[in-house]
Amino acid sequence: MSKSYYRLFTAFLFVVFVFAGVSQALAVKVGIVLPLTGAEAKFGEIEKRSFEMALDEINKAGGIKGEKLELVIEDDTGRPDVGRSVVEKLITKDNVVMVGGGYSSSVTYAVAGVCQQNRMPFLVNTGAADNITSSNWDYVFRLNPPVSEYAGAIQSLLTEVIKPKSVAILYENTLFGTSGAKSFEKTCAKLGLNVVLKEGYESGGIDFKPVLSKVKQLNPDVVYMISYIMDASLLMNQAKELKLTPKMFIGGAAGFTMPEFQKNSGVASDKVISATLWHQVLKYPGAMDYFNKFKAKYNAATEYHGAEAYAAAYVIADVLKRAKSYKNDDIKDALAATDMMTVFGPVKFISYGAMKNQNKVPTYVVQWIDGKLELVWPANIATKKFAYPVDWLKTWKY
Amino acid sequence: MKTKNIAITTALAFFIIFPLAVRSDYYQHIMIIALMWVLIGSSWNLLAGYTGQVSFGHAIFFGVGAYTAGLFATKLGISAWWGMIGGGLAAMLVGLFVGWVCFRLRGPYFALATLAGGEIFRLIATNWESLTEGMVGILLIQTFRSKLPYYYIVLGLAGLCILTIHLVMKSKIGYYFVSIREDQDAAESLGINTTLYKNISLLISSFFTGIAGAFYMNYMAFIDPHIVFSLHYISIMAILVGIVGGVATIMGPAVGAFIMVGLQETFRSAFFGLAPRWTSEAHALVFGLLVIFVIMFLANGVVGDWAKIKRKVFRIKA
């Protein structure tokens, strides 16, 4: 009796070990750091969903050289210190071969520092502050353009159509907000625009009326805002309540392209324009497909953050397929040699100016028209004509 | 007395052996953070628990310590480890100033003044960009790749802090602190210079909190004003650590630190990935419920009401 029991036990142990071995051998683990809770959770959600969608497709198509790709998605809660410990956990406990994700600039910057120190290849999804790729880190690669280039398309729209004389810049006091505001200020100086006000507000703030009344008094032609999601919605809602009517409200991407912005602000979001890095009608293979699949699966619209994450998953898969081995340096070399087409456009990491391992992405301008995010600039690829000038009071149904 | 000695020896042995037995960087990291909170919580407890001056602004000292260490490295070009002394001293200096302003007020007014102080320091650090880099923060490269040196450094600091507070509280000064807490006017009438002793308590408290900040800079190697001057994650957390563990007990904040850090990580990782994601959304709710529970049923914290817990939960009669 005891002998058979012993045998059974051995057999059981054997099975356990085989399974442990199998599951380890058949999956390549990649860590993904995203804000799944906290103020930036909506961005985390759209990116996580897109990552998971791409992951399904990649694994259905055979995975990575016969192995499954596994994404270990961890919550950074929007805090750099948490992001830091999360990525350490991914590296040391989960033994991931590379790291992806990275939403807010502050978190991404801290995570990138850890990755560089640990020689862990990091493909940054979104984190946009310039210093993430201008710190001369060779293990950090970025899909998203630096925030200083966000206003590219806005710039030509300003000079060719809106022709403003004065600008007010409002930004959230975070790494992303401050660096975006600084570079837009430079853009304004270059264009000869008068910056009448440049004011940061606290993240998590809910009452923007004091600063907006100041703007109203100064009466600038353009109000440029660099905000995440709740602040973007509240800014527009309260601008509407104060009947603040400049020639144009411009958002510096991030919150202003998210479906939740339109949901929270309703008519107050109408005719607001924003910089963007992507739109589903762009002539990239699979762009429209991705948009439709996302809509079918999650019953929600997607935008550039999602497209970035979706593309990032494919870049990661491509890199792992090309890498000589899963050693850090081999993956880093494969990342550096990336040259592929994605739904987010061509991806290639180059060094220029102070930037290192930076993907070049053209920017576009979108406008919320009747609840839909329409591509309005450059004019030759626009889905709708840029609605301008805008009678705000009529738009807001006063 | 003897069982107490055995308990202390066992605890010490456990903490010394822990990182050698558990090699995972992840668990070592959580232990390091918990030990750092032992340091902060104990410092807070000296001022709030023993001296009765409830501070809602310990982030001031933590942040000043962290920024001192960071600025040593970025502005002076010397090792951020010098901040372990400099950060403590800078925090004391700021403590003197805070005491000078806030000790004119009592009770809730003192608490509100420290709360405002914390926000003021955060705004200064955010906007004085030429000095602090503002929201860009300060990023250093860690000195050690291994967690072990950090672990033993913070273990030593936590031990030193608890020992110091223990000795202070056994001395005459300690009795002055308690008398101020119990009745400031009565203490004054007995000839105790209450302002002086409140400041002494604040200085010791800010010194150790500043060291904790400097350690944080060295260990995490990244700070920005929102992290180290955070009302929510530093000042309030210090209070929670103290309250849950046990106000005005030597070991209370130490126990509270492990409970709070453990809970925080459990929820952040959604029960280490075992529970659905939404559970991590519930962490603020659970923290709130925990505090309500502790205040209602264990007003003296886990350590202060240990006898009660033993009696009620484990059915052990004292």
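Reader: Hi! What does the secondary structure of chain B come to?
Author: In this predicted model, chain B has 16 helices and two strands. Helices (H or I, at least four residues) and strands (E, at least two) are DSSP runs, numbered from the N terminus. Local features need pLDDT of at least 70 and side-chain atom pairs count only at pLDDT 80 or more, while totals for chains, interfaces and linings use all residues. Residues are numbered from 1 along each chain as its sequence is written, and chains are lettered from A and ligands numbered from 1 in the order in which they are written.

Reader: Nice. And why is chain B called as compact as a globular protein of that length?
Author: Its radius of gyration is 19 Å, close to the 20 Å that the globule rule gives for 318 residues, so chain B is as compact as a globular protein of that length. The radius is taken over C-alpha atoms, and the rule is 2.2 Å times the number of residues to the power 0.38. Along the principal axes, the C-alpha trace of chain B spans about 55 × 55 × 40 Å.

Reader: How much of chain B is buried?
Author: Buried residues are 48% of the 318 in chain B. Buried means that 20 or more other C-beta atoms lie within 10 Å of a residue's own (exposed is 12 or fewer, partly exposed in between), with C-beta atoms placed from the backbone.

Reader: Now helix α3 of chain A, what's its span?
Author: The end C-alpha atoms of α3(A) (residues 80-92) are 18 Å apart, which agrees with the 18 Å that its 13 residues should span at 1.5 Å a residue. That expected span is 1.5 Å times one less than the number of residues. α3(A) is mostly covered, with 12 of its 13 residues buried, including A:P80, A:V86 and A:I91.

Reader: And α8 of chain A, what covers its buried residues?
Author: The cover includes β6 (166-172), α7 (209-218), β8 (222-226), β9 (248-251) and α9 (259-265) of chain A. Among the buried residues of α8(A) are A:L234, A:L235 and A:M236. Just after α8(A), A:K243 takes a positive phi of about 55 degrees.

Reader: Last one: in which sense do β1 and β2 of chain A pair?
Author: β1 (residues 27-34) and β2 (residues 68-75) of chain A pair in the parallel sense over eight bridges; pairing requires that DSSP finds at least two bridges between the strands. One of the bridges joins A:A27 to A:K68.

Notes. Two residues are in contact if their C-beta atoms, placed from the backbone, lie within 7 Å.
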